[in-house]
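Please open the model in your viewer, with the sequence panel beside it, and follow the selections below in order. Each stop says what to select and what is to be found there.

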Amino acid sequence: KAKLVPTEAVVSTQSTGDNEDLSRAVRNYQDFIETGVKSPFSGEPAQENVIISEEVEVKGCKFQLTLCGDVKRSSSGPIVQWPEGRPAGKFFTVTYDGSSRDILLQPNGQELTAMRLQNEVKAMFGLFGRTVVLNYNGSAVKCSARDLTYLDGGTVSVSAA
């Protein structure tokens with residue numbers, strides 16, 4: 001809904017009102033939430049630079065979820081969208097159980113390692129606590145691999161146990 005691209009830095013905030021159980025759950029799972037949304041997450045109310053804010057209901061509890069950040073909407077910068085919503089820069093596609101996601105090879109200017117890729121895949125597809133195997137052209141992607149540039153433009157399939 002916010003039309004963000006993966007490299008845009010945002011902060012997610014939430015306001016639970018008077019619901020102490022939900023507030024405690026958010027505090028306890030903050031690291032898990034930050035890994036899943038790939039950005040900082042705060043229990044504090046949004047301060048400024050609101051991108052989008054929406055009331056969300058989870059298991060009968062309503063809370064306000066807000067994305068904030070200094071996001072510029074200009075195609076002249078280093079981050080642009082390709083037609084069809086493809087990310088700018090070198091990327092590859094990851095598929096799992098009929099779903100596909102595009103992943104940048106250099107998110108935020110840092111090289112993507114196989115270990116980080118595994119964590120990203122687990123976060124994207126909700127596979128925490130499961131063993132995942134990443135395959136490219138019929139061969140497993142080695143967890144020790146530091147250079148994944150050979151994946152550029154390709155497709156990695158994921159299996160989970």
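Which order do the strands of the open sheet have? The open sheet has five strands in the order S6-S5-S9-S7-S8, with mixed pairing, where two strands count as paired if DSSP finds at least two bridges between them. S6 and S8 (139–140) stand at the edges with a single partner strand each, so one side of each is left without a neighbour in the sheet.

Before going further, note that this is a predicted model, in which local features need pLDDT of at least 70 and side-chain atom pairs count only at pLDDT 80 or more, while totals for chains, interfaces and linings use all residues. Residues are numbered from 1 along each chain as its sequence is written, and side-chain values use heavy atoms, with hydrogens and water left out.

**The whole chain**

Select the chain and colour it by secondary structure: there are three helices and nine strands, taken as DSSP runs numbered from the N terminus, with H or I of at least four residues for helices and E of at least two for strands. From the N terminus on, the elements run β-α-α-β-β-β-β-β-α-β-β-β. Of the 161 residues in the chain, 31% are buried; buried means under 20% relative accessible area, exposed over 50%, and partly exposed in between, with a 1.4 Å probe and protein chains only. The accessible surface of the chain comes to about 10300 Å², of which 49% belongs to carbon and sulfur atoms, the areas coming from the Shrake-Rupley method with a 1.4 Å probe and, for residues, with only the protein chains shown counting as cover. Among the contacts with a separation of 6 or more, 56% are accounted for by residues 24 or more positions apart, a contact being heavy atoms within 4.5 Å.

**Strand S5 and its partners**

Next select S5 (residues 91–96), a mostly covered strand in which five of the six residues are buried. On one side, S5 pairs with S6 (residues 99–104) in the antiparallel sense over six bridges, and Thr93 stands opposite Asp102 in S6. The hairpin of S5 and S6 has two residues between the strands, and Asp97 takes a positive phi near 50 degrees there. S5 also pairs with S9 (residues 155–160), now in the parallel sense and over three bridges, with Val94 standing opposite Val156 in S9.

**Helix H1**

Move to H1 (residues 20–28), where Leu22, Ser23 and Val26 are buried. Seen down the helix axis, the buried residues of H1 fall within an arc of 100 degrees, so they line one face of the helix; the arc is that of the directions from the helix axis to the C-beta atoms. Turn the view to the face of H1 directed away from its buried side, and the exposed residues Asp21 and Asn28 come up.

**Ala114 and Leu148**

Now select Ala114, which lies in helix H3 and is buried, with a relative accessible area of 1%. Leaving out residues up to four places away in sequence, Ala114 touches Val141, Lys142, Cys143, Ala145 and Leu148. The C-alpha atoms of Ala114 and Ala145 are separated by 5.4 Å, although these residues are 31 residues apart along the chain.

From there, step to Leu148, in the loop between S8 and S9, which is buried with a relative accessible area of 1%. Apart from neighbours within four places in sequence, the contacts of Leu148 include Leu105, Leu112, Thr113 and Leu117. The C-alpha atoms of Leu148 and Thr113, 35 residues apart along the chain, are separated by 6.7 Å.

**Charges on helix H3**

Finally, display the side chains of H3 (residues 114–125), the helix that holds Lys122. How far from Lys122 is the nearest side chain of opposite charge? That side chain, Glu120, is 12 Å away, and Lys122 is buried yet has no salt bridge; Lys and Arg count as positive and Asp and Glu as negative, whereas His and the chain ends are not counted. Not counting residues up to four places away in sequence, Lys122 touches Leu127, Phe128, Arg130 and Val132.

A salt bridge is a side-chain nitrogen of Lys or Arg within 4 Å of a carboxyl oxygen of Asp or Glu, and by this rule the count comes to one. Glu120 forms a salt bridge with Arg116, the closest N and O atoms being 3.9 Å apart. Both residues lie in H3, four residues apart, or about one turn of the helix. Glu120 is buried, with a relative accessible area of 17%, while Arg116 is partly exposed, at 28%.
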